[in-house]
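Thank you all for coming; I would like to walk you through one protein this morning, slowly, for those who have not seen it before.

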Amino acid sequence: MAHRTSQDIRYLHRFEVMRRFYADAENRTRQELAAATGLSFATVANLTAELIDAGVLVESGRQDSGGGRPRTLLAVNAERGALIGVDVAETSVRTELFDLALRELHAEERPLPPDDVEPGDVVARIEESIAVALEVTGTPRQRVLGVGVSVPGLVEREGGVSTYSPYWSWREVPMRSLLAERIGMPLHLDNPLKASTLAEMWFGEGRGVDDLVVVTLRAGVGAGFAIGGALYRGATNSAGEWGHTCLELDGRACRCGSRGCVEAYVGTRGILETLRTVAPADPLLQASDDTEALRGLALRAAQEDPVATEVITRTGRYLGAALGSLVNVFNPQVMVLGNQVVQDLGAPLLSATRAALADHALAQPLRAVDLRCSALSHNAVARGAAASALEGFLGNREMFGPVSRTRGARGRTK
Ligand SMILES: [Zn+2]
């Protein structure tokens, strides 16, 4: 943050303006953009002029201003190019292709070979699925503005290296150069946590929120942060590994090798471990996969089954304590809870969590935070990866030239 330059601030303002088009309206006047972003009208006029020059925005009509001069409506130029988002998950590769208005033109998922997946297997699947997406939609390669790829685990973004993957025995895999050789389009590498956070910032509950925490709860657990409207990455892009902070000293073994991590209590496996503690012979522990077991638990809780209710209550207590630390440390305006665990366990988990949160967060930051459930569909990672590619495109210095129109660039009015 200390290195934020006027150029960076300009990118952030550009992102803010663009997010308004993806938020709730396809057409916006400059006056509406200024009101919605809190930027001055002059700043918005400069930013939109640049975006029009780059072909990103187009004039789409006029709006009656009630007596004054009609106001020009602006819209995203969907035809400007395509964005691709790729979500590499444990068992599959999901690829989605969007136009610049972020309308999905193609989506497909192809399985990864089971067991020990080699980087070469993943790269080949990504390459195949991108080729299919381009062919099916009739998109020439040169029209692709960027490809965002989410790879599980820790991803060191600048070097494009997947430094650690929880699923596979990957260490220091040079994903970017492996992919660049085969794909030949602008590449943006991230992990699912960063992609989910970007998805909330561009399409979800995080729109227009300066200080945001996005909590992802599935097999893996993490927290993504936006500070001052920008995704916070940390020194080496591994910020947000909250799932591997300690909730209980000498507690349960975690797959990261440590003990007592948050993930070992509120991730899918952690919740089933709690079930094992409460009812060691419970039939759900024999379920063929964790997703099925979690859904079974939710169904039984809805029927007021005491074991299921106890498991969800305990999970809420763990989660509330762990979220309390985030509230105290970050003082967020909005905290979004998302992914499989929240979707499956829903309201009962949330009420248990809220109750525990009140015991662990300080009163003042707790009052300030708005706790919300994600409204995005189950698989927002590919979409978030596309948002990462969109940010890469919008931050491209060559595309938008030097900062020549800086007048009013810092003219935030609120
Ligand atoms: Zn851990």
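**Domains, one arginine, and confidence**

In this predicted model, the C-alpha centres of domain 1 and domain 2 lie 30 Å apart. To place those names, domain 1 covers residues 6–76, domain 2 is made of 80–197 together with 379–394, and domain 3 runs over 208–373.

Where domain 1 and domain 2 meet, 8 residues of domain 1 are in contact with 6 residues of domain 2. On the domain 1 side, the most is given by helix H1, residues 6–23, which supplies 5 residues, and that side as a whole consists of 6 nonpolar residues, 1 polar and 1 charged.

Let me turn now to Arg218, which sits in the loop between strand E12 (212–217) and strand E13 (221–227). Is Arg218 buried or exposed? Arg218 counts as buried, because 23 C-beta neighbours fall inside 10 Å, where the cut-off is 20 or more. Leaving aside residues up to four places away in sequence, Arg218 touches Gly267, Thr268, Asn339, Gln340 and Val341, whereas the C-alpha atoms of Arg218 and Gly67, 151 residues apart along the chain, are separated by 54 Å.

Finally, a word on confidence. The protein averages a pLDDT of 88, and 92% of the residues score at least 70. Where pLDDT is low, predicted coordinates should not be read in detail.

Methods
Residues are numbered from 1 along each chain as its sequence is written. This is a predicted model: local features need pLDDT of at least 70, side-chain atom pairs count only at pLDDT 80 or more; totals for chains, interfaces and linings use all residues. Domain bounds come from an automatic or database domain assignment. Two residues are in contact if their C-beta atoms, placed from the backbone, lie within 7 Å. Helices (H or I, at least four residues) and strands (E, at least two) are DSSP runs, numbered from the N terminus. Ala, Val, Leu, Ile, Met, Phe, Trp, Tyr, Cys and Pro count as nonpolar, Asp, Glu, Lys and Arg as charged, and the others, Gly among them, as polar. A residue is buried if 20 or more other C-beta atoms lie within 10 Å of its own, exposed if 12 or fewer, and partly exposed in between; C-beta atoms are placed from the backbone. pLDDT is the predictor's confidence in each residue, from 0 to 100.
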